[in-house]
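Hi everyone, thanks for making the time. Please bring up the sequence and the structure, and we can walk through a few strands and residues together.

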Amino acid sequence: QVHLAESGGGSVQSGGSLRLSCDVSGFTAVPWVRGRSYLAWFRQSPGKEREGVAAICNEGTIDYADFGKGRFTISQDSARNILYLQMSGLTPGDTAMYFCAATPRYLAGWARLLTSAYEHWGQGTQVTVSS
């Protein structure tokens, strides 16, 4: 059974940085090893839809939402099954609950930041940025 657990959220001032982590367990099944699969970060602010932040393929391909380019970096430690999101230059607009997600399927480029493309989700970690 796939289990995703986020950590690293907190409160920071505008311009600050945070690194989010997601422990991924139960995802080392055969589909992950022999085919393409994706881990991703999403976020959701109150009253808004959940939106994709960044996605990484097990083969290394990375996709970012426009708002994250140049500020956010997604990475993974495959040996330890941990997904990271390094965030810098944070603004109040980045305040949200951040979720990690996983899918053991190939995704076309246009789908990699869609919530509907991912089957497995963590519970989220809150990021609050104050001005």
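Let's start with strand β11 (residues 125-130), which has a covered face made of T125, V127 and V129, while Q126, T128 and S130 make up the uncovered one. A quick word on where this comes from: this is a predicted model, in which local features need pLDDT of at least 70, side-chain atom pairs count only at pLDDT 80 or more, and totals for chains, interfaces and linings use all residues. Residues are numbered from 1 along each chain as its sequence is written, and side-chain values use heavy atoms, with hydrogens and water left out. Strands here are DSSP runs of E, at least two residues, numbered from the N terminus.

Which strands pair with β11? Strand β2 (residues 10-13) does, in the parallel sense over 4 bridges, and G10 has V127 as its bridge partner in β11.

Now to the open sheet. Its 4 strands come in the order β1-β3-β8-β7, with antiparallel pairing. At the edges are β1 (3-7) and β7 (72-77), each pairing on one side only. On average, neighbouring strands of this sheet are turned by 15° against each other, direction ignored; axes are lines fitted to C-alpha atoms, and angles run from 0 to 180 degrees between N-to-C directions. β7 pairs with strand β8 (residues 82-87) over 6 antiparallel bridges, and I74 finds its bridge partner L85 in β8.

My next stop is R43, in strand β4 (residues 38-44). Is R43 buried or exposed? R43 counts as buried because its relative accessibility is 5%, buried being under 20% relative accessible area with a 1.4 Å probe, protein chains only. The R43 side chain makes polar contacts with the side chains of E51, at 2.8 Å, and Y98, at 3.0 Å. A polar contact is a pair of N or O atoms within 3.5 Å, one able to donate a hydrogen and the other to accept it; residues adjacent in sequence count only if both atoms are side-chain atoms. Beyond four places in sequence, R43 also touches others, including V53, F67, F72 and M97, where contact means heavy atoms within 4.5 Å.

Last, S45 lies in the loop between β4 and β5 (51-57). S45 is buried too, at 15% relative accessible area, and leaving aside neighbours within four places, S45 is in contact with T95 and A96.

Technical notes:
Buried < 20%, exposed > 50% of the residue type's maximum accessible area, 1.4 Å probe, protein only. Pairing = 2+ DSSP bridges.
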